[in-house]
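Please keep the structure open while reading.

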Amino acid sequence: MRIRVPLAALTAGVLLAGGATATAAPAPDTLAAPDIPVANVQAHLNQLQSIATANGGNRAHGQPGYRASVDFLQARLDAAGYVTTVQPFTSGGVTGWNLLAEWPHGDANSVIMAGGHLDGVNAGPGINDNGSGSSALLEVALTVASQNLAPAKRLRFGWWGAEERGLVGSTYYVNNLPSTERAKIDAYINFDMVGSPNPGYFVYSASGQPSGSLELQRVLEAPFAQMGVPTELTSVGGRSDHAAFANAGIAVGGLFTGAEGIKTSAQAQKWGGTAGQAYDPCYHRSCDTTANINVTALDRNADAIAYAVWTLSTTADPDPGPRFTNDTDVAIPDLTTVYSPVTVSGVPATVPASLTVGVDIRHTYRGDLVVDLLAPDGTPYTLHNRTGGSADDLVGTYSVNAPGETANGEWRLRVRDAASADTGTINSWYLQF
């Protein structure tokens, strides 16, 4: 994972696999993120409300209000100079669409993605869920263009369809990316419901997420700390569109102001609002209109999104150090253990605190796989242990805490197929020092 938090205040301590903490050197400051005018975000919400009103009261997958929402955003982004793509997919027997918008500047091999779902439910116009995240993302993207931002990394925004039907659009996007394109995505940050009327200020927890997610968590916490607004970590699990990216081994993070959950007395004391009531009493209801938005929460979150986009995209990656790769295919038969070696030479005597391992394993059921990295002395470090359920392939990066291991010598990737009926291939893997 190539992301580095570029502010010295955020790099004081980085949690590594196994619970150790390493001190990171400060990186150069980024360009300052702009203030996002909340009135502009509200104007986009008003447009989405008008679209729903004119199209049967909703913007749900398979309904005309959803396609009208896509067309509205695409027109604004095209006019601002983005390269846009509308990606069709099918769910429930009808066509849905993802909208992708790429700012054509920065390193195309190092991509920062920001996204949220654009569809709502059939019951109402879906203004907080998720017109709020969609509109905040749109205004941040338009501000990138109006300021003619020249990022070091490529910026790509995504508005996903059919999230309310089970994360269909975002999953379709990730699953249909070639592995070489997936590998170019450094991070994905997700914004789903950021204007709840009885808001909390939640940041996605990095716990259990791919390597690099802790850095995203800290970047997303930082602007609220500057505002003097306390945050809480939340484990969103597989409830929103970051899930497909995490399953592909891409670092993920996000912001959330709450849905049907109930605000506690302690939360009301620190954030305001009403204890004992839902963060969004209109969640998935017809009353999720423009009247269902807390403007202060929307304003704060829009500024936090801009902070994250500017922070993550405007600092170039440092020299990553030596990489050692094995590109030879190794078949993985059923109920068999296979090995793929990499010989390391010319590296200082011991491994640094954090060693990055990248794997590209093609398999028809990754829940069958146990994957370990074996150090030259035979010490195993588990990368993957039969997680991911019925999803296919295992493509991503892992951070291994192996300080003191001898760097030079033969390292091996050990892959065990622990169940029958599915097979695969180790396409390639690498060690990054």
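Two strands count as paired if DSSP finds at least two bridges between them. The model discussed here is predicted. On that basis, Tyr204 stands opposite Thr234 in strand E9, and the two strands concerned, E8 (residues 202-204) and E9, pair in the parallel sense over 3 bridges.

**The eight-stranded sheet**

- E8 and E9 belong to an open sheet of 8 strands with mixed pairing, in the order E3-E4-E6-E5-E7-E10-E8-E9.
- Its edge strands are E3 and E9 (232-234), each of which pairs on one side only.
- On average, neighbouring strands of this sheet are turned by 25 degrees against each other, direction ignored.
- Helix H6 (residues 213-227) packs on the sheet and touches E7, E8, E9 and strand E10 (251-256). The direction of H6 makes about 30 degrees with that of E10.
- Helix H9 (residues 295-313) lies across E5, E6, E7 and E10, and runs at about 140 degrees to E6.

**Strand E5 and its partners**

- Strand E5 (residues 107-117) is mostly covered, with 8 of its 11 residues buried.
- E5 runs parallel to strand E6 (residues 153-160), and 8 bridges join the two. Within this pairing, His117 has Trp160 of E6 as its bridge partner.

**Helices H1 and H3**

- The axes of helix H1 (residues 38-54) and H3 come within 8 Å and cross at roughly 130 degrees.
- H1 and H3 are therefore oblique to each other, and H1 passes H3 in a right-handed crossing.
- On the H1 side, the residues making the contact include His44, Leu45 and Leu48. On the H3 side, they include Ile127, Ala136, Leu138 and Leu142.

- Leaving aside neighbours within four places in sequence, Arg156 is in contact with residues including Leu100, Glu102, Val111, Met113, Tyr173 and Ile185.
- Arg156 and Cys282 are 126 residues apart in sequence, and their C-alpha atoms are 31 Å apart in space.
- Tyr173 is one of the buried residues of helix H4 (residues 168-175), along with Val168, Gly169, Ser170 and Val174.
- The buried residues of H4 pack against strands E3 (83-91), E4 (94-103), E5 and E6, and against helices H5 (179-182) and H7 (242-247).

**The four-stranded sheet**

- An open sheet of 4 strands has antiparallel pairing and the order E13-E18-E15-E16.
- Strands E13 (337-344) and E16 (380-385) are its edge strands, each pairing on one side only.
- Neighbouring strands of this sheet are turned against each other by 20 degrees on average, direction ignored.
- E13 pairs with strand E18 (residues 409-417) in the antiparallel sense over 8 bridges, and Thr337 stands opposite Arg416 in E18.

Conventions: Residues are numbered from 1 along each chain as its sequence is written. This is a predicted model: local features need pLDDT of at least 70, side-chain atom pairs count only at pLDDT 80 or more; totals for chains, interfaces and linings use all residues. Side-chain values use heavy atoms; hydrogens and water are left out. Buried means under 20% relative accessible area, exposed over 50%, partly exposed in between (1.4 Å probe, protein chains only). Axes are lines fitted to C-alpha atoms, for helices over the stretch in contact, and angles run from 0 to 180 degrees between N-to-C directions. Angles under 35 degrees count as roughly parallel, over 145 as roughly antiparallel, 65 to 115 as roughly perpendicular and the rest as oblique. A crossing is left-handed if the near helix is turned anticlockwise from the far one by less than a right angle, and right-handed if clockwise. Contact means heavy atoms within 4.5 Å.
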